[in-house]
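Please read these points with the model open beside you. They cover the chain contact, the sheet, the core and the domains.

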Amino acid sequence: MLANNEQTNPSSALSTVSALSVDALLEQSRANGEPTWLQERRAAAFEYYRGNEAPFWKRTDLSKLNLADAVPASDASSTTVQWDESLVAQGVVFTTLKRALGSHSDLIAKYFGEAVKYDATIYNALHAALWQDGVLLYVPKNVVIEQPLHVIYTLSAARSLIAPHTLVILEQGASATLIEEFISPDGLEQPIALPAAEVFLGDAAQLRFCSLQQWGRGVYHIGAQRVIFGRDASCDWLSVALGAKVQHIDAEARLGSDGARVNWLGATFANEEQHLLIAPWLRHAANSTDGYMEFRTVVNDKGYSVFDGMVRIEEDTHGTISRLEEHAVHLSRESRNDSIPGLMIDSNDIARAGHASTSGRIEDEQLFYMQARGIPKDEATRMIVIGFLESVISAIPVEELRERLVQAIEEKI
Amino acid sequence: MATQAATLEFDYSKYGFRDEERYTFKSGKGLSEEVIREISAMKGEPEWMLKRRLQAYKIFLEKPLPVKGTWANEELAELDFDAIHYYVRPGEKVGKSWDDVPENIKNTFERLGIPEAERKFLAGVGAQYESEVVYHSLREEWEKLGVIFLDTDTAVKEQPELVKKYFGTIVPAADNKFAALNTAVWSGGSFIYVPKGVKVDIPLQAYFRINAENMGQFERTLIIVDEGAEAHYIEGCTAPMYSTNSLHSAVVEIIVHKGGKFRYTTIQNWANNIFNLVTKRAVAYEDAQMEWVDGNIGSRLTMKYPSIYLMGKGARGEILSVAYAGEGQHQDAGGKVIHAAPYTTSRITNKSVSKGGGKTTYRGLAKIASGAYGCKINVNCDALILDDKSASDTIPYIEVEEDDATLAHEATVGRIGEEQLFYLRSRGIPEAEALSMIVLGFMEPFTRELPMEYAVELNRLIQLEMEGSVG
């Protein structure tokens, strides 16, 4: 596997968010040689950000978020892509979004912002106005890629802001695995990430999509993710959240074509004073779609996690199968987990729909059993927690990544 | 079950009739400080209650309608507060014997079968017509044991210490806009006190009737179950159908002291033009047991989430609710349990059926507060959608702030299976009847908790609603 750390042309650095203007944004966009459509969209998104209030989120505390003094990235230097470049021969594109603008401007213009709308929240708007980092994965018709493709986003300075955009387009019958990672050192003062991921799957396309949030402490992560399905398309989606100070992710699998299928696993571990929220939606908007969601949550210390999930079955759909589950384990008295597993159902011709949610702590008997076999209590707890998250961990396609995650989890227990 | 279904014939005009309006007082439409002072003066209330009303009115004006935010329902915007009569007085005093009740009102309740029910199996009965309780009785044997069963207006005068001590402590006026409205204009409702150790083993019943158009009924119920005492209270609600909306906005406060046991059963069958926005809340202390049995069949929009605060070690709570939403109806119901003490347990069971464009929503909260270790919660929600015009939402909120707790929530949504229908039809049961049998079977965990007469009544209502559901 080759590693290549791409650097785009440095351009004039932007000032803080509060000092930004539409003119300054346009000037930077022109200086970077961006196409007109993109200049216009950045301007429109920024106007929206300026003209609208922050949304009211009851379970995400953004009272200490200082967006005004954050300094947005001026290039894509926080994006690293790793892949086997010989795939170029099959027509596969995997490169930073900024570089791809030079070669695939029309393709990007067609899809960018189609699934994650800039006018949904001011954070989406700021993302669309400011994005520099990002990646384009394009897989042509019937091309099947075995090796995982890997994009890593990093934050390295206090008060810096990145808005990385992961854009994935799989043509009919294409197949790929994409790992998206967020990594930064601990202890930086309030870096901000406003990421977005848009995934478009053609008919019968198959994607394995792993989104691994492992920011250092202090990071605010406010993100949006959408996967749009073609007919009989399928996605194995993995959402892991271990890092950051505050996380708010609005994610949706939009099963809008007949026969689409998603298998969505998630693991969240909040400890110390982390506050991690994910709001995953399964939207069934076509016939015979199949959705399965299983999130596993661990909370320790004063960690607070929120699972605000939803199964939505729209009118005039038939034969839907849907299941949503969340299971939480508490490791400390002060930890907190909120679970809101919703169902909104407007069709009666469904095959199955349901949800389940459980919450508890590690059973004394389990611990006792292991201690009776000479395993110290701490070690037994670690083993039980890793076992609890095993179904999620084992779905990560790269061994080295699995080991790194297990290590990160063990450190949190 | 087949025989039962076949023999039940039901006449809906039993509830749908309306009486001629002959009131001793009817306030104008809309609400003002004047109206509140008038209500209070007419009732001859003490000054402290008037003060409470006026404070609450201020809160009502300040609070926004909860159409945006977490517990939102946009249909509330249809409600016109200025088009409502806030106080309608049907007669001069509360009848102690059935003969004292004015003739026309007596006829109403006789048509609804109240005196008959009282004779048969009730310990006491209260009947409220519009704003005022018109009839109240309690069997002598319970009166002797110190049980108090009054309308709340009379209780303010006769039991001022108890009322003052508990009124507004469980549902303060500032709790929500409708609790504020109720506190400002409340009238009628039941006041029950069961003394230490007294076990009232047959139900107490209240019956609520709205007759006038654009009427607002705001009863206020306060129930205190003292240490080791037990009781069961049942309320039923009906109204005739008008083309414009009426509002029913009650507040129910319940205190179950140490070791006490209380069950509150509601069969709500309001007409389909009634907004039913009710705040019901109970606290249960050490080893106490509180149960809400809540059936919602009628109304245009119901928003009601009976709640239980488990405040003492070992307290138990149970909420069993069913909802049936037909054409033009939205049953937005559920329940809340808040575990605030260790070793408390609770169970919420919800069953809902939607049909003909109706919508059911289950909203619930299961919360384990920090420090409430050793708790167990079990939540089960099942919804049945009978046709493709109807809808169902399930929105449970679960908040766990304690590690030593066990919580399980499970929900399913489905439709009636072809196989089930085929099975019944192959045994010669017509499709309509088969459908209604399946729905009644689905509701069975609820109906089996009701006294027999009520279970039969509820089954009839559901069958009636189910009529014409095939085709």
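1. Terms for strands come before the pairing. Two strands pair if DSSP finds at least two bridges between them. Helices (H or I, at least four residues) and strands (E, at least two) are DSSP runs, numbered from the N terminus. This is a predicted model: local features need pLDDT of at least 70, side-chain atom pairs count only at pLDDT 80 or more, and totals for chains, interfaces and linings use all residues. Residues are numbered from 1 along each chain as its sequence is written, while chains are lettered from A and ligands numbered from 1 in the order in which they are written.

2. Pairing across the chains. Strand E22 of chain A (residues 336–339) and E23(B) run antiparallel, joined by 3 bridges. Asn337(A) has Val400(B) of E23(B) as its bridge partner.

3. The chain contact. Chain B gives 32 residues and chain A gives 32 residues. Contact here means C-beta atoms, placed from the backbone, within 7 Å. On the chain B side, strand E23 (391–400) and strand E24 (405–414) are the elements that give two or more residues. That side holds 13 nonpolar, 9 polar and 10 charged residues. The classes: Ala, Val, Leu, Ile, Met, Phe, Trp, Tyr, Cys and Pro are nonpolar, Asp, Glu, Lys and Arg charged, and the others, Gly among them, polar.

4. A covered strand in chain A. Strand E15 (residues 246–255) has 9 of its 10 residues buried. Buried means 20 or more other C-beta atoms within 10 Å of the residue's own; exposed means 12 or fewer, and partly exposed lies in between, with C-beta atoms placed from the backbone. Strand E13 of chain A (residues 220–229) runs parallel to E15(A), through 9 bridges. Within this pair, Ile222(A) is partnered by His248(A). E15(A) also pairs in the parallel sense with strand E17 of chain A (residues 275–284), over 10 bridges. There, Leu255(A) is partnered by His284(A).

5. The core. Which residues touch the most other members of the largest nonpolar core? They are Leu137(A), Leu201(A), Leu207(A), Val185(B), Ile254(B), Val256(B) and Ala284(B), out of 266 residues. Such a core is a set of buried Ala, Val, Leu, Ile, Met, Phe, Trp, Tyr and Cys residues joined through C-beta atoms within 7 Å. Beyond its neighbours within four places in sequence, Leu137(A) contacts Phe94(A), Leu149(A), Val168(A), Ala176(A) and Leu178(A).

6. Phe46(A). This residue sits in helix H2 of chain A (residues 36–51). Phe46(A) counts as buried because 23 other C-beta atoms lie within 10 Å. Residues up to four places away aside, Phe46(A) touches Val22(A), Leu25(A) and Ala129(A).

7. Domains of chain A. The assignment, automatic or from a database, gives domain 1 (2–255) and domain 2 (363–413). Their C-alpha centres lie 32 Å apart. Each side's share of the contact is 9 residues from domain 1 and 9 residues from domain 2. On the domain 1 side, strands E9 (175–183), E12 (206–214) and E14 (234–241) of chain A give two or more residues. E12(A) supplies the largest share, 3 residues.

8. Domains of chain B. Here the division is domain 1 (16–420) and domain 2 (421–471). Their C-alpha centres are separated by 26 Å. In the contact, 24 residues of domain 1 meet 21 residues of domain 2. The domain 1 side has 14 nonpolar, 6 polar and 4 charged residues.

Notes. Contact = placed C-beta atoms within 7 Å.
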